[in-house]
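This briefing sets out selected features of a single protein chain. It moves from the overall fold to individual helices and then to one residue.

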Amino acid sequence: MRTADATPPRTDRRRLGEAFAVLGSAASNPDEARRRVGRIALAAETGPERAHIARMRAMAGADQWPDRHLLVTALDTETGEQQVFDRASGAPLPRAVAASTAFPGVCPPITVNGRRYMDGSLRSATNAALAAAEAHTVVTIEPDPESIRAFGPDLNDRTAWEPAYRAGLRQTTDAAD
């Protein structure tokens with residue numbers, strides 16, 4: 001994948017491990033766990049925001065929000081609260097996508113409108129409740145065997161990101177048909 005910023009991504013394995021430890025014990029107080037993980041994300045040494053934004057811009061292949069309704073979720077690193085970005089949010093699309101994929105210890109939190117955000121999957125892997133509020137039918141698509149092969153065994157392997165993204169696009173197109 002070619003980006004305007006060739007800064008290589010860095011995984012802070014110690015902070016990643018801390019984040020997983022907190023998430024693993026989050027059942028009793030998930031709100032506080034998300035705030036703790038936000039502090040871990042801010043302390044992690046994962047490289048500059050601009051590099052992750054450039055990677056997500058290249059992967060998404062777009063700088064502008066689409067004409068159709070699109071919701072992108074992230075979590076505020078300070079409060080742990082969910083933020084839903086859309087074309088009216090004032091967030092540039094690549095920045096919103098980068099925030100939504102900024103997993104603590106793997107990618108830096110992303111600044112949007114003066115706040116720092118991390119991966120929205122820390123609250124919900126599917127965010128199906130957002131779809132349910134707007135639709136009568138919610139369909140959840142899980143990775144098929146070809147997509148799982150594209151992911152590979154190491155989710156931190158950045159060379160697998162683009163093939164996994166392409167496999168996901170193929171799978172959603174197949175599911176839509």
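A residue counts as buried when its relative accessible area is under 20% and as exposed when that area is over 50%, with partly exposed residues in between. The model described here is predicted. Its protein chain contains seven helices and four strands, and 37% of the 177 residues are classed as buried.

**Overall organisation**

- Along the sequence, the secondary structure elements are arranged as α-α-α-β-β-α-β-β-α-α-α.
- For contacts between residues at least 6 apart in sequence, 67% link residues that are at least 24 apart.

**The buried residue S147**

- S147 is part of helix α6, which covers residues 145-151.
- The relative accessible area of S147 is 2%, and S147 is therefore buried, given that the limit is under 20%.
- Leaving aside residues up to four places away in sequence, S147 is in contact with A167, G168, R170 and Q171.
- One of these contacts is with G168; the C-alpha atoms of S147 and G168 are 6.3 Å apart, although 21 residues separate the two along the chain.

**Helix α2 and its buried face**

- Helix α2 comprises 14 residues, 30-43, and spans 20 Å between its first and last C-alpha atoms, close to the 20 Å expected at 1.5 Å a residue.
- Its buried residues are A33, R34, V37, G38, I40 and A41.
- Viewed down the axis of α2, these buried residues lie within an arc of 165°, so they line one face of the helix.
- The packing partners of the buried residues of α2 are helix α1 (13-24) and the strands β1 (72-76) and β4 (115-119).

**The pairing of α3 with α7**

- A pair of packed helices is described by the distance between the axes and the angle between them.
- For helix α3 (residues 49-60) and helix α7 (residues 161-176), the axes come within 11 Å and cross at roughly 35°.
- The crossing of α3 past α7 is right-handed.
- On the α3 side, the contact involves H52, M56, M59 and A60, and these residues meet W161, E162 and Y165 of α7.
- Sorted by class, the residues in this contact are five nonpolar, one polar and one charged.

Conventions: Residues are numbered from 1 along each chain as its sequence is written. This is a predicted model: local features need pLDDT of at least 70, side-chain atom pairs count only at pLDDT 80 or more; totals for chains, interfaces and linings use all residues. Side-chain values use heavy atoms; hydrogens and water are left out. Helices (H or I, at least four residues) and strands (E, at least two) are DSSP runs, numbered from the N terminus. The expected span of a helix is 1.5 Å times one less than its number of residues. Buried means under 20% relative accessible area, exposed over 50%, partly exposed in between (1.4 Å probe, protein chains only). The arc is that of the directions from the helix axis to the C-beta atoms. Contact means heavy atoms within 4.5 Å. Axes are lines fitted to C-alpha atoms, for helices over the stretch in contact, and angles run from 0 to 180 degrees between N-to-C directions. A crossing is left-handed if the near helix is turned anticlockwise from the far one by less than a right angle, and right-handed if clockwise. Ala, Val, Leu, Ile, Met, Phe, Trp, Tyr, Cys and Pro count as nonpolar, Asp, Glu, Lys and Arg as charged, and the others, Gly among them, as polar.
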